[in-house]
Amino acid sequence: MATAPLEPTSANVEPWLATWSRLDTLVGEAGTLAMIAYTGDTADAAREQAYLRFSMDIFPKLEEQQVRLARRLLDLGWTRADLETTLRRFRTDIEIFREANVERFSRIEELSAGYQKLVGGLSVDWDGQAKTIPQLQPYLKDTDRAVRERAFRLGAQAYLDRRDELAECFDRMYALRIAVAKEAGFADYQQYCFAAKHRFDYSPQDTARFHDAVRETVTPAVAKLMEYRRRSLGVDALRPWDVSVDLDIKEPLKPFATVDVFVDRARKIFSRVDAELGDQFALMAKESLLDLESRPGKAPGGYCT
């Protein structure tokens, strides 16, 4: 693709773009599968190595090559009305790319993988049974305030016990991101990020105004809701372990006991809503595309992919 003859005609350019798109799809899928495998078991050294190969070696270099290809295309002066946003993305990528940042992004990804491994390995002792932090969530809905407080404090303490490591990871990532922004000629990382994420339709200033609007209108409403919650619970002060418990039921709902039951009941609900939706969900379950159970070594959070 870097050397294939290109002429500024759609007959020549569009097959080249289709090849590029296919390459990007295949590499992106392989990298995503490696990421999913690693975050599903951060203690597995082979999975970690495979993920780091993509995140630290392949993807930073891929971005460098994509900038070269984008420059080839733009130098032709080729355009197409329905691809103008894509071409604008290419122009932006070229403008902000700096070779010195390739190594910095590689180090950022290494730190990110380390963070996932650290938090994925957190666990607490609950009545003699080891539980991950996500497995404490049901106890935050318990009607017994002492149970809720115990669950919250145990989970928070697990992070506090690793505070120094987490803080060091944050500080190192922060310094690298500031260096990336400065290298690319931006005042700060926020400015760089808006360009890198191709946020063409709104600016950091627009976001700040939105934050102001939330503070002025939403925050007072939430304060009223929290005061209602405090009175309903009959406590002197609302604490973090008081915000998840249901105010309208005496015992927290327990709609499922196992992940298999959860998936089966979800499938039935989706099928009642829409038959095609139910079929699609059933296919995901059949092909083992769902990984919903919390377990030691699994990084917290969910996928959107």
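**The largest cavity and its surroundings**

Guide: By class, the lining of the largest cavity is made up of 6 nonpolar, 1 polar and 2 charged residues, where Ala, Val, Leu, Ile, Met, Phe, Trp, Tyr, Cys and Pro count as nonpolar, Asp, Glu, Lys and Arg as charged, and the others, Gly among them, as polar. This is a predicted model, in which local features need pLDDT of at least 70 and side-chain atom pairs count only at pLDDT 80 or more, while totals for chains, interfaces and linings use all residues. Residues are numbered from 1 along each chain as its sequence is written, and side-chain values use heavy atoms, with hydrogens and water left out.

A cavity is, on a 1 Å grid over the protein atoms alone, a set of points where a 1.4 Å probe fits but cannot get out, whereas a pocket is an open set with protein on both sides within 12 Å along at least five of seven lines; lining residues have an atom within 4 Å of a point. A search of the whole structure finds 1 cavity of 30 Å³ or more, and about 70 Å³ of space lies in the largest cavity, a volume being the space filled by probe spheres set on the points, which are joined across faces, edges and corners. Its lining consists of P60, E63, I96, F97, R98, N101, V102, F105 and Y192. The elements that give two or more residues to this lining are α2 and α4, and the largest share, 3 residues, comes from α4; helices here are DSSP runs (H or I, at least four residues), numbered from the N terminus.

Let us now follow α4 to a neighbouring helix. The axes of α4 and helix α6 (residues 163-183) come within 10 Å and cross at roughly 160°, with axes fitted to C-alpha atoms over the stretch in contact and angles running from 0 to 180 degrees between N-to-C directions. That makes α4 roughly antiparallel to α6, a term for angles over 145 degrees. Among the residues of α4 that make the contact are N101 and F105, both of which also line the largest cavity, and α6 contributes residues including L166, C169 and M173; contact means heavy atoms within 4.5 Å. By class, this contact has 13 nonpolar, 2 polar and 6 charged residues.

The second largest pocket holds about 1500 Å³ of space, and E63, which lines the largest cavity, is one of the residues that lie nearest the centre of that pocket.

Note on methods
Parallel < 35°, antiparallel > 145°, perpendicular 65-115°, else oblique.
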